[in-house]
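Me: Please take a close look at the side-chain contacts in this model. Begin with sulfur, then turn to the rings, and finish with strand faces.

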Amino acid sequence: MGLLRSLMMLCLLVWFSWLPDLIAQSTSGSLNRAKALDSLLQDYAYRAFVRPRTGIPYDGTVPSNLTGIKIAALRLRSGSLFRYGANYKEFDIPKGVYENPYVERLVLVYQNLGNWSRTFYNLSGYTYLAPVLGLLVYDASNLSATNLPELNIRATGNPILIKFPDVEAVAVGEAAKCVFFDPDGVPSFTNVISDSVCSTDKQGHFSIVTKSIAPSPAPVSPGPAPSFKPPPAVPTPRGEGKKGKNNAKVWTIVGSVLGGVALLGLLALLILWVQKFQQKKKMQQMERAADVGEALHMTPIGNTKAPAATVTRTQPVLESEYVP
């Protein structure tokens, strides 16, 4: 039983060490939504290749619940991209760009998240001056494939330039910044090149932002309505809400705890079975040892039986018999 108790304590310690990771995974809803969106847009962008031709961009369509997002797909040879580069939507890709891992043909998937930018890439303390633009790279060997892993591209010479159209004006005293979101959704900031141009050496999601100021019900200076507006409390796509996310977190933790209890129960049953097996094996060894030894004659004594020798080895002899 001491061994059983030690194993159960060890399993509990291991399980509680996993709980923070499970809770962290359940609270990373924004990143999971962004990843799911990338996978969905890759699928719909590939559907635009009805009669694909290399070097021709094809605009795709998105589901009706994501109206406002624009996508496109461009298929290229890896060698052509490296030697000549490409001008693709708002992205000016110079020569000298290579992908990892290497593929013979690749597809550049373009994203313009429009009024969904803040929904999928919420940047606390900053205001978007332009929509989030995405440039993701995938293998082009199978144009009907879904859930493809992303390829990594790297500019070895001049950087990739992103030219944002219709950037909102910056308030007096404020400065615009380029923001880049890495695959984990972590933002990094760089200075803007001219008024509406950012640079990068890899793929990802990009935009222009400025630090938020105290909110006001009306703009400070009159002027034409900007071409890009963040969505006013747009509901998350596919019916996701705070209540649904909270329920999902609760069920994830409850399911994990129940799974841990079931695992501990199985371990306890296994240990008990091993103990019984060892006891049975020991009894069998004792029985085999008893069978090998010399059998003793059993004599009844009262209500019990006791072993008794049938023949004595030395017969008793009187001492007088040895006198001459």
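Reply: A disulfide is a pair of cysteine sulfur atoms within 2.5 Å. This is a predicted model, where local features need pLDDT of at least 70 and side-chain atom pairs count only at pLDDT 80 or more, while totals for chains, interfaces and linings use all residues. Residues are numbered from 1 along each chain as its sequence is written, and side-chain values use heavy atoms, with hydrogens and water left out.

The structure holds one disulfide. Cys178 is joined to Cys198, with 1.9 Å from S to S. The torsion about the S-S bond of Cys178 and Cys198 is about -90 degrees, so the disulfide is left-handed. Cys178 belongs to strand β11 (residues 177-181) and Cys198 to strand β13 (residues 197-200), so the link ties together parts 20 residues apart in sequence. Strands here are DSSP runs of E, at least two residues, numbered from the N terminus. Cys178 and Cys198 are buried, meaning under 20% relative accessible area with a 1.4 Å probe, protein chains only.

Now the rings. Rings of Phe, Tyr and Trp (its six-membered ring) pair if their centres lie within 6.5 Å; planes under 30 degrees apart are stacked, over 60 edge-to-face, and the rest tilted. The count by this rule is 10 aromatic pairs. Tyr46 and Phe49 have ring centres 6.1 Å apart and planes at 75 degrees, so this pair is edge-to-face. Tyr46 and Phe49 are both buried. Phe91 and Tyr110 are also paired edge-to-face, at 6.3 Å centre to centre and 80 degrees between the planes. That pair links distant parts of the chain: Phe91 is in strand β4 (residues 91-93) and Tyr110 in strand β6 (residues 105-112), 19 residues apart. Phe91 and Tyr110 are both buried. Ring pairs connect Tyr88, Phe91, Tyr110, Phe180 and Phe206 into a cluster.

One ring also meets a charge. The charged end of Arg47 sits over the ring of Tyr44, 4.2 Å from its centre. Such a contact needs NZ of Lys or CZ of Arg within 6 Å of the ring centre and within 35 degrees of the ring normal.

Last, the strand faces. In a regular strand, side chains alternate between the two faces of the sheet. In strand β5 (residues 97-100), Val97 and Glu99 make up the covered face, Tyr98 and Asn100 the uncovered one. β5 runs antiparallel to strand β9 (residues 152-155), joined by four bridges. Strands pair if DSSP finds at least two bridges between them. Opposite Tyr98 stands Arg154 in β9.

How values were computed:
Buried means under 20% relative accessible area, exposed over 50%, partly exposed in between (1.4 Å probe, protein chains only).
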